[in-house]
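Please work through the exercises below with the sequence and the model at hand. Each task is followed by a solution in steps.

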Amino acid sequence: MGQTLGCIQVDQSTVAVKEQFGKFSDVLEPGCHCMPWCCGYFVAGQLSLRVQQLDVRCETKTKDNVFVTVVASIQYRALADKASDAFYKLSNTREQIQAYVFDVIRASVPKLDLDSTFEQKNDIAKAVENELEKAMSHYGYEIVQTLIVDIEPDVHVKRAMNEINAAARMRVAANEKAEAEKILQIKRAEGDAESKYLSGLGIARQRQAIVDGLRDSVVAFSQGVPGTSAKDVMDMVLVTQYFDTMKEIGASSKASSVFIPHGPGAVRDIASQIRDGLLQGQASVQ
């Protein structure tokens, strides 16, 4: 705003308050205006119509006795049609707004616990805005927006909350780990049982195949060589199996099998013992 030779310039988004001999006369819009100072006219001051922001930090207590600092941002502006009220009725606009913010926050937050305070911060902001709108409209100001930008608990409370959350997450992780190990052990046991079952089937089929092969060999040998008995054939088969086993033991450098007694004649003794055991078992059954 400039003044030269009784003319003044009012900048954009600004209004000037005109007085005559100390009494309010008019509100000057942006532009150039004549101010005949000889008639007692002068500019008492100017008022910005731009949106202004006031950040208010208010410390209060929640319902569960936790001290928090609530940070509110108030966006406001003066109304052009009520510029005289905005200029004359308030001596310190920012302190007036801050007082209303303190009053509403300290009346609202103590009714809520800490978690609810975080969840209902929009409701708190709306309550502050409604109260400010009713109060400041009488003084020529409009409340554009009210925001609760932060809620800061006491540093010790914040540390305790972080520890609680960390402990809860560790408990969940431990449960998940234990469940995973349980599933792994169950699957491992199921796999081991299935493996043993299949191994048993394989051994049973192997022995059945051996028995079938021996039976076919005994029958074929008895038919091909007249005068031989099943006993003679089994003795020859056992001797053949003995020499095959000894050959495999000799071919392996890491073999640890030992036959006691040792010698080809021992095979006949072993065969006799097997036959005698079978005969005794049949006799006891009869």
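This is a predicted model: local features need pLDDT of at least 70, side-chain atom pairs count only at pLDDT 80 or more; totals for chains, interfaces and linings use all residues.

**Exercise 1.** Locate Ser 13 and Asn 65 and determine whether each is buried, partly exposed or exposed.

*Solution.* 
- Step 1. Ser 13 has a positive phi of about 60° although it is not a glycine. Its place is the loop between strand S2 (7–10) and strand S3 (14–20).
- Step 2. The relative accessibility of Ser 13 is 27%.
- Step 3. With a relative accessible area of 55%, Asn 65 is exposed, because exposed means over 50%.

**Exercise 2.** Classify the geometry of the ring pair Phe 87 and Tyr 88, and state which residues form the aromatic cluster.

*Solution.* 
- Step 1. The structure holds three aromatic pairs. In the pair of Phe 87 and Tyr 88, the ring centres are 5.0 Å apart and the planes meet at 85°.
- Step 2. Planes over 60 degrees apart count as edge-to-face, so the pair of Phe 87 and Tyr 88 is edge-to-face.
- Step 3. Phe 87 is partly exposed at 25% relative accessibility, and Tyr 88 is partly exposed at 38%.
- Step 4. One aromatic cluster is formed by Phe 24, Phe 87 and Tyr 88.

**Exercise 3.** Identify the rings over whose faces Lys 18 and Arg 106 lie.

*Solution.* 
- Step 1. Lys 18 lies over the face of Tyr 41, 4.3 Å from the ring centre.
- Step 2. Arg 106 lies over the face of Phe 102, at 4.8 Å from the ring centre.

How values were computed: Residues are numbered from 1 along each chain as its sequence is written. Side-chain values use heavy atoms; hydrogens and water are left out. Helices (H or I, at least four residues) and strands (E, at least two) are DSSP runs, numbered from the N terminus. Buried means under 20% relative accessible area, exposed over 50%, partly exposed in between (1.4 Å probe, protein chains only). Rings of Phe, Tyr and Trp (its six-membered ring) pair if their centres lie within 6.5 Å; planes under 30 degrees apart count as stacked, over 60 as edge-to-face and the rest as tilted. A charge sits over a ring if NZ of Lys or CZ of Arg is within 6 Å of the ring centre and within 35 degrees of the ring normal.
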